Amino acid sequence: MDRRNFIKVTAVTGASATLASCGSPELHLARFIPEEELIPGIATWKPSICPLCSAGCGMIVRVMQGEAEVVRNGEKGLIQMGLAKKLEGNPAHPVNQGKLCVRGQAAIQVTYHPDRITGPLKRSGERGAAQFQPISWDQALAELKSQLDTLASANDQKSVAFLTKPLRGQRHTLVSQFLSRFGAPAPIEFEALGDRVLRRANARSFGREQLPTVDLGRSRYVIAFGADFLGTWNSPVTQNIGYGEMRQGHPGIRAKFVQVEPRMSQTGANADEWVPVKPGTEGVLALGLAHVIIKSGLRPAGSSRAGAQIEGWSAGLVSYSPADVEKITGVKATRIERLAKEFAQTAPAVAIVGGAPLAHTNGMFTALAVNALNGLVGSVGQPGGILFTPNAVPAQPSPSIDKVAADLITAPKPPVQLLLLNDANPVFGTPPAWRVKEALSKIPFIVSFGHFIDETSALADLILPDHSFLESWVDHVPESGTTMTVASVAPPAMKPLHQTRSMPDVLLEVSRSLARPLTPTLPQSYEEMLQSAFGDDFSNAQQQGGRWSDSPQREAVPPVAAANQRAVAYTDPQFDGSAAEYPFHFVPFASLTLLDGSLAHLPWLQEMPDPISTAMWSSWVEINSQKAAEMGIVQGDLLEIASSQGTLRVPAIPSPAIAPDVIAMPFGQGHQTFTRFATGRGVNPISILAAKQEPETGSLAWAATRVKVTKVGSKSGPILFARGMELEHRPHR
Amino acid sequence: MTHRWGMAVDLDRCTGCSACVTACHAENNIPTVGPAEAATGRAMHWLRIERYVEGEFPDVQVKFRPVLCQQCDQAPCEPVCPTYASHHTDEGLNAQVYNRCFGTRYCANACFYNVRFFNFYNPVWDKPLHLQLNPDVSVREAGVMEKCTFCVQRINAGKIDAKAEQRELKDGELKPACVQTCTANALVFGDLNDPESAVSRLSRSARGSKLLEDMGAQPKITYLQKEVWHDSSNG
């Protein structure tokens, strides 16, 4: 039906008929009458919060009137509505101070994605075949209600599981309250590249189970162990702002920056000094530096309370002499001495750890070692050092997905009868040995709230698509990235484009209709819940995108080490595969654009050249250029990468910025099902990872797999380079 | 006083984070061309991050450089255009009038910064991705050359606002999309005719130089060199 006919039909059938056919009259009219505050051609700015990672950057959304084609009750028509046009950082927000990263700038494509799920769906084909048929919201909600009622009447409320991406703020509160009042266990949070090891280590070293806020802007010496803090780790926008300050923000003073990692990341590319180190030995290097600092009398060992977590600390770390450390890490003893003295003598100095060093079996030791080094030079809780965002809600304990999967596979009756899935994709993001897909397939009924069909939501029986972040109330409490107390909140920036409903409101609506109502009752709406959480500040907070303290706050309790913890000693990292059979360390890394793969569906990010390789739309593997020459490998050659778990075929990029015994590959590609832009593109490094774990947290040790490399073809050509870079050297077509 | 728009890029701040590149796509309705076209070198990035790798393992240094139209005063793209689509404005911008352009691509041949992009096909936004399009920027069709405009739509809107409020433009008030989002504050935009503007002060920096300066195009973007840590003997 075209526009003219649409208007004719609505005119003929008359207001009453159309109103009766589609719910609330106000909502209905708003779709046909232009929004009053919008003047054509004039932009208004509305606050929002970036949903793409846990940093929680504040946004402002440029909204202008436009015409959108929507489907309502099976009728297609054009309507006038306010449309988001551009996202910018919220200048008032303490975390990102008016800036957004490469991913945040592309977040608008989540809302306008052509493959977004536009309304509730019910599975119509085999499970996992991703065949669905549209149903009405009434049917969909009745289905969810009856699933919950059936379990409640069988007194089996415990068999409801809520599997989600990390939730913060009131969303977390609401989901937790819903589950606990129903009688189900707490939500299971899943992140492919989570920071559990570091949070746990910070709880032990500093009594804070949260990620640190690194005060780069006031630091004069930064040594980072594997943390890609300018690209993908922790709160990248804050960290980039601080980085600019530490380089050129203070006249006459320029901080030094050293990066320790076997494959140079985008962050490492900015370092004054790059220190390639044997994978899994980063903590030893940190203690080597501490050894020199203590031995040279630059600081007494007792100045680091976090040092109590390390065995042999109070005795001056005798087993970590530069000569010993050189043997383990491959970093020259003279270099260790020099770095240690620079680090101790240039105050304030700070050490950062994150990423691959913590994704080894000894990741906890590495994190504690770097924490102890920070304690030694007095950078904990001090300007230019490691700070902690005050009043951040500590991370909630949550069972890890491998345990959930193992229980599902071994139990005769699946311990989970109903799975509620919120935008988490463990089928893509876990190693094959955890058998997550097989395990989830045993669950009798799966309900997904996600916007897209991905590898995990393809298993769903019922899909209740959530609004996009621009269409719903959003809130967030940042865990790091600021020393102010921050709670972000924002109303919808635009009306929903599709027949979606906000996940919190769906839970609230279902909770009211259950046969056994939840007690005490939950709020009427998510907006009401936010309003009562913010109290008198609500009106102001939602206008500026949140509320925050006027100035940085000193924490009430200084960061101190947890008592009664067993001190940790260095153990060699355990790798899957012998060095003889599998000579290379396989070190995947988070993609600057696609992160762990959760953003592979956004075309701007797919066509964004990787800053190191300049590749777009593809997978590749980086190999040391001298090693490649020895093996007769040139750029674009197809390599077979084999681990004990499987093989991948992927083109090579020889690079001098990677150690000879390491190959590196970005996470992100290799989706089997994830919209037209990501499906069937490239390969997924997680699919050949072994199921090694860091024992204390159970986190996947994703850098602990060894592989062998064979050249299987030449110039396969599937890597696409940005114009002006590699392509210039190609012969003219 | 006429404005003369210019930019300073502090390479000591730039981290290669690429936020500017997506910001530019979002602001200026730059289409993605897809993998097949991108493989032939037709991906459009008005602004790109160039990276230079120096040295061999383990002594490797990488440098990033954001490269966009240098808005040259003696621009090689302008005199070669037979239709005056590529021309110089009073405020020193190398402007492109899309509906004069009929696609000779002489300008792209003449430009040695490689910052002009030709639309080989009509752009495609799978619905409803088109709803994001910025109504202040025209969408270019097949056969038309396009390039960085210093977000001229923002410059014009800022001038109109200032005029309505009967005041002069303030330094730092106008920000192209790349500058607004630049996370490390490496990009600074402003009026080179105002000697006290931030961009003028940075452009006089001893670290400053122009890209391919000896080609004589007199670009209006100054790159401030990355500083080197002096005590870096790799013991």
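Is Asn114(B) buried, exposed or partly exposed, and how many other C-beta atoms lie within 10 Å? In this predicted model, Asn114(B) is partly exposed, with 13 other C-beta atoms within 10 Å. The residue lies in the loop between α3 (106-110) and β6 (116-118) of chain B. Its phi is positive, about 60°, although Asn114(B) is not a glycine.

Leu317(A) is not a glycine, yet has a positive phi of about 55°. This residue sits in the loop between α9 and α10 (322-329) of chain A. Leu317(A) is buried, because 26 other C-beta atoms lie within 10 Å, and a count of 20 or more is the mark of a buried residue.

Chain B contains six helices and ten strands. Its C-alpha atoms fill a box of roughly 60 × 50 × 35 Å along the principal axes. A compact globule of 235 residues would have a radius of gyration near 18 Å. The value for chain B is 19 Å, which agrees. Of the 235 residues in chain B, 46% are buried. Contacts between residues at least 6 apart in the sequence of chain B were also examined; 61% of them join residues at least 24 apart. A cis peptide bond runs from Phe57(B) to Pro58(B), with omega near 0°. Pro58(B) belongs to the loop between β2 (48-54) and β3 (61-67) of chain B.

A cis peptide bond is also found in chain A. It joins Ala347(A) to Pro348(A), with omega near -10°. Pro348(A) is in the loop between α11 and β12 (349-353) of chain A.

The two chains touch. In chain A, 62 residues are in contact with 53 residues of chain B. Several elements of chain A each supply at least two residues to this side, among them the strands β2 (58-72), β3 (75-89) and β11 (273-275). Helix α8(A) gives the most, with seven residues. By type, the residues on the side of chain A that touches chain B are 33 nonpolar, 15 polar and 14 charged.

Helix α5(A) covers residues 137-153. At 1.5 Å a residue, its 17 residues should span 24 Å, and its end C-alpha atoms are 24 Å apart, which agrees. Within α5(A), Ala140(A), Leu144(A), Gln147(A), Leu148(A) and Leu151(A) are buried. These residues cover an arc of only 90° around the axis, so they lie on the same side of α5(A). An α-helix has 3.6 residues a turn, so residues three or four places apart point the same way. On the other side of α5(A), Asp138(A), Ser146(A) and Ser153(A) are exposed. The buried residues of α5(A) are covered by elements of chain A that include β6 (160-164), α6 (169-182) and β14 (418-422). The cover also includes β15 (445-448), β16 (462-463) and α16 (503-513). Just after α5(A), Asn155(A) takes a positive phi of about 55°.

Helix α9(A) covers residues 282-295 and has 14 residues. It reaches 20 Å from its first C-alpha to its last, close to the 20 Å expected at 1.5 Å a residue. Of these 14 residues, 13 are buried, so α9(A) is largely enclosed by the rest of the structure. Just after α9(A), Gly297(A) has a positive phi of about 70°.

Conventions:
Residues are numbered from 1 along each chain as its sequence is written. Chains are lettered from A and ligands numbered from 1 in the order in which they are written. This is a predicted model: local features need pLDDT of at least 70, side-chain atom pairs count only at pLDDT 80 or more; totals for chains, interfaces and linings use all residues. Helices (H or I, at least four residues) and strands (E, at least two) are DSSP runs, numbered from the N terminus. The expected span of a helix is 1.5 Å times one less than its number of residues. A residue is buried if 20 or more other C-beta atoms lie within 10 Å of its own, exposed if 12 or fewer, and partly exposed in between; C-beta atoms are placed from the backbone. Two residues are in contact if their C-beta atoms, placed from the backbone, lie within 7 Å. Ala, Val, Leu, Ile, Met, Phe, Trp, Tyr, Cys and Pro count as nonpolar, Asp, Glu, Lys and Arg as charged, and the others, Gly among them, as polar. The radius of gyration is taken over C-alpha atoms; the globule rule is 2.2 Å times the number of residues to the power 0.38. The arc is that of the directions from the helix axis to the C-beta atoms.
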